[in-house]
Amino acid sequence: MIRIRAQQIARGLSQIIGREFLKENIKTSIKQPTQSQSPQHPWSSVSSVRTIAMLPWPFSQSRDFSLPNSSWGSDMRRLYEHYNSQCEVETEEGGKKWGAWRRLPSYNRSIKFATGGVYLSKIIQSKARLFTRSVKEPGAAFEYVMFVNKEEEKCVCVFQAGHLLEGPPGHVHGGAIATMIDSVTGTHATYLSGPVMTANLNINYRSPIPLGSTVLLTCSLDKKEGRKTFVSCQVTNTDGSKLHTEATGLFVSITMGNLLGG
Ligand SMILES: CCCCC/C=C\C/C=C\C/C=C\C/C=C\CCCC(=O)SCCNC(=O)CCNC(=O)[C@H](O)C(C)(C)COP(=O)(O)OP(=O)(O)OC[C@H]1O[C@@H](n2cnc3c(N)ncnc32)[C@H](O)[C@@H]1OP(=O)(O)O
């Protein structure tokens, strides 16, 4: 039973990391391209991830929320284009190869069967949704897209804060900002270290974020110590001239057993 759940979680986790990552691993196991053709995720050295990659994809109809939609303003689109254009670049021979950045897809349901571990009823499990992707109306809450740069161990997130995220009048709620910081630093730590949980998050709010505006979250790896991954994050306006928030996070690597209450 536990083993089946672990497999189900593993499938869900592969969705967290994303289809592009999976495709990359599937390609790797078949074609074995060179480093320059297809930069590898740290997990690609783990044989179980190769196994995960070969499993049938269970969520083929899922919507990728990190693609542009009609609610995105000009800043959001411009920054998306800026990073997205660096995800795939042309070779001298006129072909294509991976660039420095990778867009991370994003779904509203990370783990189909095991969300909430073994404690929740099937009804709750079936209704569980990723918090930041749980509002259906485009632009109403969290609109964001994340890009990672493996070489520089950096992650950026372009975030447009919708009207449902109001805290102080006309400005973004501190909890919503913390949510985005946790999501981006947590995703970055996962990308670098595999499955983790947030153990500690320190946030300094320096200047309020106007509701409806687009901001940039920039995360970098501070250090890794055993199971601990330390990541820092700055939230700025889109040209980086104004610091809104800064944070540091500690992420502790976990096993599937942690999630299952073992
Ligand atoms: C399958 C999903 C996995 C999770 C995925 C995470 C990210 C996913 C990425 C993309 C997904 C898409 C979106 C993601 C959205 C949001 C991501 C947010 C993630 C979260 O929002 S997650 C929820 C909030 N999070 C919790 O609900 C954690 C509750 N907590 C625990 O579950 C345990 O507490 C745990 C597991 C953290 C550690 O427990 P443990 O028993 O495994 O390890 P232990 O306690 O021994 O600590 C080992 C070493 O860390 C040091 N240490 C521990 N805690 C510390 C602290 N606070 N300050 C300073 N040092 C600390 C110790 O001192 C020791 O250090 P040393 O080795 O040097 O002695």
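Predicted model: local features only at pLDDT ≥ 70, side-chain atom pairs only at ≥ 80, totals over all residues.
Two strands count as paired here if DSSP finds at least two bridges between them.

**Whole chain.** Start with the protein chain in cartoon view. It has seven helices and nine strands. Of its 262 residues, 29% count as buried. Among contacts between residues at least 6 apart in sequence, 66% join residues at least 24 apart.

**The sheet.** Next, colour the strands. Seven of them form an open sheet with antiparallel pairing, and the order to follow across it is β3-β4-β5-β7-β8-β9-β6. The edges are β3 (101–104) and β6 (196–205), each of which pairs on one side only. From one strand to the next, the twist averages 20°.

Select β6 together with β9, residues 243–253. These two strands pair in the antiparallel sense over nine bridges.

**Helix α6.** Now select residues 174–193. This is helix α6, which lies across β3, β4, β5, β6, β7, β8 (228–237) and β9. Relative to β6, helix α6 runs at about 135°.

**Helix α4.** Move to residues 74–84, helix α4. Helix α4 lies across β3, β4 (142–149), β5 (154–161) and β7 (214–225). Its direction is at about 160° to β5.

**The annotated span.** Finish by selecting residues 170–242, which UniProt lists as "domain: Thioesterase" in an unreviewed entry. This span is 27% helix and 44% strand.

How values were computed:
Residues numbered from 1 in each chain as written. Helix = DSSP H or I, 4+ residues; strand = E, 2+ residues; numbered from the N terminus. Axes fitted to C-alpha atoms, helices over the stretch in contact; angles between N-to-C directions. Contact = placed C-beta atoms within 7 Å. UniProt positions renumbered as here; feature names shortened; annotations may be inferred. Buried ≥ 20, exposed ≤ 12 C-beta atoms within 10 Å, placed from the backbone.
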